[in-house]
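Here are my notes on this complex. Please read them with the structure open.

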Amino acid sequence: MSAGEVTAEPPLAAAPPPSGEPGRFGRYAAGAVFLAPALFLLVVWMVYPAVYTIVRSFFGQSGYLGHWVGIANYKRLFTTATLTTAIKNNAIWVAVVPALVTAIGLIFAVLTERVRWAVAFKTVVFLPMAISAFATGVTWRIMYQQDPGLGAINALSRSVADAFNPSGVLSNALPSTPALQAKGGGLVLKTPLAPGGVALLGVTGIAPRDVPKGAVQAVRPAPKPGDVVGTVWRDFKPGGGKPGVVEKGELGLPGVTVDLRTTAGKVVKSTKTKADGTFDFRNVAAGSYRADIGAQTFAKPFGGFSWLGPRLITPSLLIAYIWIWAGFSMVVIGAGLAAMPREVLEAARTDGATEWQVFRRVTVPLLAPVLSVVFITMIINVLKVFDLVISLAPESTQANANVIALAMWRTAFGGVNDFGTGSAIAVFLFLLVIPVLALNIRRFKREV
Amino acid sequence: MAAAAPSIELPGRRESAAAKILRATAKAPLHLVLVVVGALWIVPTFGLFITSILPAQDLASKGWWQIVSHPSAATWSNYNALFHNQGLLNALKTTAYIAVGNTLLVVIIGAMAGYAFAWLEFPGRDWLFVGVIGLLVVPLQMALIPMFRLYDTFGIFDTVLSIILFHVAFGLPFAIFLLRNFFVGIPKDIMESARIDGASEIKIFLRLILPLGLPAIASLAIFQFLWTWNDLIVALTFGQNVQPITVWIFGQLREFGTSIDVIAPASFISLVVPLCVFFAFQRYFVQGLLAGSVK
């Protein structure tokens, strides 16, 4: 063992080479042999293309080089609508995603730190990292479908929307006679009513499955002195029937809100119809009134947000992207958290700091290097985002969802094959990535 | 001293028991939040799976959550049809070739270069290494157009090999960086004694470096495998008839509504392999991730 220690000393290690060792030239040769395949690949697939692309970006659309166009391709980058959209969108990505991903990862990492089943939670949140961005696009496209019957997110939105703004009992109904007129989204009976009168509010256009549950044969109520009575019914039976007349086989429409208004339009009374469609405004003061069915009865059901439409596509993409990367952020920050000196935290707690104070004043400052790693990594990722956009955004809204990497691909390979502008976009992307990555590498080298 | 020890320990125990109950109740909202968030995170993937086992006609009118009220609607027929679909089978085969081929090449070539940079002497070694690290900044978009032309010129456009080599080149800077830094950490006396024993460089590389570097190599291999398995842009650019699974599904996306019974199961198949790899090698995956936050 003592011999090992001695050979570790520099002067002795440099002393007489053993007889079997090849000379200096042989050692160089070994280095060349071991490096050759890597260098060949790096030069042909990275160095040469990078140089070529930079040169190519100053030349025209097609050919090996095309003709010299100066900086025209770069000008196009900031004047063509689809390309400026891409740059704007990418700016939104950079502004939103790194901050949110870092914050969410930090929250998840801190929350799970002292939970026993943290591993299960972390695995679930981390899973999307293993899935391709492309498959994620397909997955979220299913979630985002516009029809609330098909897309889970709109189904959820619908149940929320219905709670605040329920769809009407009769969303498609139409008046059956001209006596009933559409007004302000509802239907109003033109015929004036006085106490003792009967209001017949017949509607059609209701599919059998849309008839409210519990409906029974409609009844024409007998007039009552001092009351305004009436019925709301489905003025249609197989074969048609007579419009405006309550006939056998026609169903009353229960649950419809009917208002009694003065001729000035002020609501005097309001009631709901019974199973046979009848309603009764009791003890109405003498005068002239009108009956109407309010607009809420005809409110259209929630049709779903157009998540993949031109206006919401970028927010939809951001959500899916954060869903992918939150796990990465959580794991990296979690590792930083685990490596944090416990004594410091305990000391702060012993000194009487609240959990929030510990988090804000101790945890976050100590984690700052890790947080910046996540943040910078996310900036680079977001600048190069491609797969998710091309798979989640339908072709019709890809122009609205455009980002730099997608614009580059579509320009160069998406039919037009404009290699000049495509090269310029690639160089632009390259220039954006350099400072961020250089920062990261410098930090990395300092650590190593 | 012996008497003092338990008297200190006892109140501590009591406190921790009381604190435990307190903590458990105080933590209830936390558990609830985590359960809800976890559920939110799993729902999209779960939804994809359920969609993939429902017949097309059921999906035309109702969402995948209909499974709750009609569990009997579930069927493997979509998968059965896919496993008789020659296009998909070819795509899976192509994906496997690309992912395995790339992984092997990156590991071997990267380890050789990493070894050279760590333990072999030659002039300009450190400068060359810095140059390789510098290549980390080159986004692959910089190489798409030139390689498209070059592949065309050499007649290897639309081949598995052309896609693999592109991946290998862009995987190398990080691989070399990672492995060189790992190999440098191998104790010097082990290397010296092997050299004194007269072992050739190849022998040292195969018998010493590769086995000792296994943890780093495993992380690298898993990352490379997942990266190429999940790739879309490279294969989309350089493949036409040669289609890995992502490109094959991409071709169906235009008819999203009508071919959902193909798209959903195919997508699920495409993510089963990465998920298995992830679960089998989770530890290496996370290690690689922590080391690789630069890429």
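1. How do H5(A) and H14(A) run relative to each other, roughly parallel or roughly antiparallel? They are roughly antiparallel. (Angles under 35 degrees count as roughly parallel, over 145 as roughly antiparallel, 65 to 115 as roughly perpendicular and the rest as oblique.) Helix H5 of chain A covers residues 81-112, and helix H14 of chain A covers residues 404-413. Their axes come within 8 Å and cross at roughly 155 degrees. (Axes are lines fitted to C-alpha atoms, for helices over the stretch in contact; angles run from 0 to 180 degrees between N-to-C directions.)

2. A word on the source. This is a predicted model: local features need pLDDT of at least 70, side-chain atom pairs count only at pLDDT 80 or more, and totals for chains, interfaces and linings use all residues. Residues are numbered from 1 along each chain as its sequence is written, while chains are lettered from A and ligands numbered from 1 in the order in which they are written.

3. Now the residues between those two helices. On the H5(A) side look for Thr82(A), Leu83(A), Ala86(A), Ile87(A) and Asn90(A). They meet Ile404(A), Leu406(A) and Ala407(A) in H14(A). (Two residues are in contact if their C-beta atoms, placed from the backbone, lie within 7 Å.) By class, this contact has six nonpolar, two polar and no charged residues. (Ala, Val, Leu, Ile, Met, Phe, Trp, Tyr, Cys and Pro count as nonpolar; Asp, Glu, Lys and Arg as charged; the others, Gly among them, as polar.)

4. Chain A has an open sheet of four strands, ordered S1-S4-S5-S8, with mixed pairing. Strands S1 (174-175) and S8 (278-281) of chain A are at the edges; each has a single partner strand, so one side of each lacks a neighbour in the sheet. (Helices, H or I, at least four residues, and strands, E, at least two, are DSSP runs numbered from the N terminus. Two strands pair if DSSP finds at least two bridges between them.) S5(A), residues 228-234, runs antiparallel to S8(A), and four bridges join them. Find Gly230(A): opposite stands Phe279(A) in S8(A).

5. An open sheet of five strands in chain A has the order S2-S3-S9-S6-S7 and antiparallel pairing. Its edge strands are S2 (180-183) and S7 (267-272) of chain A, each pairing on one side only. On average, neighbouring strands of this sheet are turned by 30 degrees against each other, direction ignored. Four bridges link S2(A) with S3(A), residues 186-189. Leu180(A) faces Leu189(A) in S3(A) there.

6. Next, the two chains together. The contact takes 82 residues from chain A and 76 from chain B. Helix H3 (residues 24-56) of chain A gives the most to chain A's side, with 19 residues. That side divides into 60 nonpolar, 15 polar and seven charged residues.

7. One helix pair spans the chains. The axes of H6(A), residues 118-126, and H2(B), residues 28-52, come within 8 Å and cross at roughly 30 degrees. That makes H6(A) roughly parallel to H2(B). Phe121(A), Val124(A) and Val125(A) touch Leu34(B), Gly38(B), Trp41(B) and Ile42(B).

8. Finally, confidence. The predictor gives the complex an ipTM of 0.86 and a pTM of 0.79. Chain B has a mean pLDDT of 86 (the predictor's confidence in each residue, from 0 to 100), and 93% of its residues reach 70 or more. Over residues 1-13 of chain B, pLDDT stays under 50. Where pLDDT is low, the predicted coordinates should not be read in detail.
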